[in-house]
Amino acid sequence: MTILRARALAKRFGTIDVLRDIDLDVERGERIAILGASGSGKSTFLRCLNFMELPTSGRVELDGRVVGSERGRDVSYRESELTAVRQKVGMVFQQFNLFPHMTAVGNVMEGLRTVRRQSKPEARARAEKELARVGLADKAETYPAHLSGGQKQRVAIARALAMDPELLLFDEPTSALDPELVGEVLTVILSLAEEGRTMLLVTHELGFAYHVATRVIFLADGTIHEQGTPDEILKNPKKERTRAFLASHRQFSF
Amino acid sequence: MGQAWDFASVFANTDALIAGAIGTVRLFAICLILGLSLGLLVGLARYAHSRWFNIPATVFVEFFRNTPVLVQMLWFYFALPILVPLEISSLAAAALGISLNTAAFSAEIYRGGIQSIERGQWDGARAIGMGWGQTMRRIVLPQAIKRMMPALTNRAIEVFKMTTLASAVAYVELLQQGKLIASLNFNPIEAYTTIAVIFFVILWPLVQLTYVLERRLKRDE
Amino acid sequence: MYKWDFAPVFANAGLLAEGLANTLKVTAVALGCGLVLGLALALLRLSPRLFLSWPAGFVIEVFRTTPPLVQLFWFFFALPLIAGIEMTPFVAAVTTFSIQSAAFFAEVFRAGIQSIERGQWEGALAIGMSRRQALNHIVLPQAVTRMIPAFLERSIELMKTTTLVATIAYADLLYQANAIAQKTYRPLETFTVAALIYFVVIFAFSLLARRLERRLAVGGESTVH
C-alpha cells in the first residue's frame, strides 16, 4: 500500500530551483536510499516530505489524502495540519538536534508528553523502551553533552521512534560522526529495516545503502536522474552522471 | 572646609529613610515585574514572523528606548490626566514610565536570547510534531533564559537606579527622603552622601553577581 | 472630547530650541571630558601599582552602582559646601556626567584592550616590534575600532540621562517644556511635543550609530596594516 506519494514536487529558493518536478511513490516496507552530489536537493526533498520546508508547487499525499488544501494548482498549508503530519513522518537529522537541557530519556519523552499529552509515567515507560531498543538503556539519565556523537544520534532515533511514525526520514544521519561511531548508528538503522519499517535515507554510505535499500534514487539538478534496485544503480548505472558520481566516491577506495 | 559633618540629624530621621526605602523597593518590584513580563510579550512579538505583531512591537521598542524615562514619567503625570479622566498618582506615573522603558529594553534582550538558540533546536522540535508555542515554551525559552541572565540582571540594577527619578513627581522613595532631610536640617552633604551609600550597599552585591553570571556564561559556552 | 491646541507650544518654539541646544551642549561636553577621563581611568586601572589602580577602581565602582540623579544632587548641593566653591547647574551637570561616562568608558577601554587576543600581541612581538610599538600600531587601533559601538551606545544613553538636569533647574529641553506647560496650561501638547522632539533626535542618532556599527562590523575600514 502506498504510504506517501509526491507529485510534481518543486521548491524554489529565491531565484534558484532546487527541486524541479519530482514524482515519487513510497510503498509500505520500502527502504529508499537517496544519493546525489551536494546541492542536488536531497536534503531539501526530504524536508519537503515532512513539511519542514513548504513545496513551492506540487503536492504530497499521505495515506491517500492530500496534505494541505488544494485550490486549483496551488496548495495552501495550515500549521496545525503540518504538525499532525510530522507525527506520522519522523525525521532524524545530521546534527542530531537533541535538546541539551533534557536528559536522554527526557528527549525521547518530550514528544509524548507535549504533543501526545501522555502522562509522565506512561511517556517515561515508552521512552525507556525505545532507548533500550537502540541500546542506550543505561544512558537514560545522561545529558546530551556527555554522550558521544553515535550515542546522540541513537537517542535522536529513539526520539523519532517514540512517536510511532509510519515513515522515517534520515537526513545524512552519519555524516557528522567520527568514522568509528558510524557503525553503531548504521546497526540501529539496519535493525529498523529488518523490522520492516518504511524509510527514506539520504546518505553517502554507499555500501550501507547497497545492503539496506530496496530502491536507490540518484538525484541531480533537482530531479530524479536515475532510479532502480541497488544492483542496478550502484553496480550497473546506465547514465553518465550516475557513473561519474559513483566514480568520484570510489576514487580512493582500496 | 572646617565644617563638622553632621550625620546625627540624618540618623535622627531613620523613619523617613525607612519610608523611603519601602517606597523604593515597592516601585522597583512593580516596575521589574511589569517591565519584564510586558517585555517578554513584546520580545516574542518582535521575533514573530507576522507583520501584525512585528511592526507594532518594533514601534513600541524604538519609541520607549529612544525617549528619556523622565520625559515619559512627566508625560504620564501631567499630560495623561488631561486625556483620560483618571487620577494618576505619582506612583502610577513613575511606574508607567519606568515599566514601559524596561519592557522596551528587556524585549530586545529576550529577542536576542531567543535568536541565539540555533535553528536545529526548532527543527528537532518541529520534527516530532511540536507547534510554535510548545517549542517556545519547552525548548527555546528554557535554554534562552540562561543566556539572558546577565543582561536581565543588569536591567534589574538599572531599574533600581531609575526609581530615584520618581522623586521628580514627588513620590516617596529614598532620594525624595534625602531631599526632605537635607531641606529640613540644612545638611545636604550628609543627607545625599547617606543616600548614595545606601544605594551602593544595596547594588554592589548585585553588580558582583552580574560579573559572576557573565563569567559563568562565558565558561559554559 | 479634548480639544488639542498646539499653538501655544509653537509660540514658544524659541524656548524649546534653546532647551534642545542646552541638552546637546551638556551631552557633548560631558562626552568629550568623559572620553579623556575614561582613558586615564582605564590606564590607571590597568596599572600594576595598587595605589593607582585601587582608587581608580573605587571611582569606577561607585559611579556604576549609584543612581545618576543621586550623583547629580550630590555634586550640585553637597560638593559646593565641602569644597567651598560656586556650582552652577551646568558645571554640576557636566562634572557628574563626565565622571559617570568616564567610569563607563574606562571599563570599555579596559575590556577592549584586554579583548585583543594574545595572538595579536605575539604576532607583533614576533616580527620584532617593541611592546610600545605593538600597543600603538596593532592592539590599540583594533581595540578602538571595537569600542566605537560602545561609545556610540553610551552617547545615546547620555542624551537621555541629561534630562535629569531639569531637576536642578538647568534650562534643558525638559526644563523648558515644563516651564512652557505651566505657563500655557497645556501640559498635554507641550510634553507630547517634547517627547517627540527627544524621540526624533535620539532615534536619528541611534540609526546613524547602527549604520556605523554595521559598516565597522563588515570590516571595511581596517586601521591595521
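A salt bridge is taken here as a side-chain nitrogen of Lys or Arg within 4 Å of a carboxyl oxygen of Asp or Glu. On this basis, three salt bridges are counted between chain B and chain A in the structure, which is a predicted model. One of the bridges between these chains joins the side chains of B:Arg138 and A:Glu110, with a distance of 2.7 Å from N to O. Across the same interface of chain B and chain A, eight residue pairs are found in polar contact, both residues of each pair being at pLDDT 80 or more. On the side of chain B that touches chain A, H6 and H7 of chain B each supply at least two residues, and the largest share of that side, eight residues, comes from H6(B). In terms of residues, 18 of chain B are in contact with 23 of chain A, and the area buried between chain B and chain A is about 1700 Å², of which carbon and sulfur atoms give 55%.

Chain B also meets chain C, and of the two pairs of chains in contact, chains B and C share the most contacts. Here 35 residues of chain C are in contact with 38 residues of chain B, and the area buried between chain C and chain B is about 3400 Å², with carbon and sulfur atoms giving 76% of it. The count of salt bridges between chain C and chain B is one, and the side chains of B:Glu62 and C:Arg210 meet in a salt bridge at 3.0 Å, N to O. Six residue pairs are in polar contact across the interface of chain C and chain B, again with both residues at pLDDT 80 or more. The elements of chain C that give two or more residues to the side touching chain B are helix H3 (50-65), helix H4 (68-83), helix H7 (131-161), helix H8 (173-184) and helix H9 (187-217); the largest share of that side, 11 residues, comes from H9(C). Ring pairs also involve both of these chains, linking B:Phe60, B:Phe63, B:Phe64, C:Phe199 and C:Phe203 into a cluster. Chain A and chain C, by contrast, do not touch, and their nearest C-alpha atoms are 24 Å apart.

Over all chains, the count of aromatic pairs comes to 24. In one of them, the rings of B:Tyr47 and B:Trp122 have their centres 6.1 Å apart and their planes at 25°, so the pair is stacked. This pair links distant parts of chain B, since B:Tyr47 lies in helix H2 (residues 14-47) and B:Trp122 in helix H6 (residues 119-127), 75 residues apart. Both B:Tyr47 and B:Trp122 are buried. A further aromatic pair, that of B:Phe160 and B:Phe199, is edge-to-face, with 5.7 Å from centre to centre and 70° between the planes. B:Phe160 belongs to helix H7 (residues 132-162) of chain B and B:Phe199 to helix H9 (residues 188-220) of chain B, so the pair ties together parts that are 39 residues apart in sequence. B:Phe160 counts as buried, at 6% relative accessibility, and B:Phe199 is likewise buried, with a relative accessible area of 0%.

Charged side chains are also placed over aromatic rings. In chain B, the charged end of B:Arg155 sits over the ring of B:Phe105, 4.2 Å from its centre, while in chain C, C:Lys25 lies over the face of C:Phe90, at 5.0 Å from the ring centre.

Key
Residues numbered from 1 in each chain as written. Chains lettered and ligands numbered in written order. Heavy atoms only, no water. Phe/Tyr/Trp six-rings, centres within 6.5 Å; stacked < 30°, edge-to-face > 60°. Helix = DSSP H or I, 4+ residues; strand = E, 2+ residues; numbered from the N terminus. Buried < 20%, exposed > 50% of the residue type's maximum accessible area, 1.4 Å probe, protein only. Lys NZ or Arg CZ within 6 Å of the ring centre and 35° of its normal. Contact = heavy atoms within 4.5 Å. Buried area = accessible area lost by both parts, 1.4 Å probe. Polar contact = N/O pair within 3.5 Å; in protein donor to acceptor, adjacent residues only side chain to side chain.
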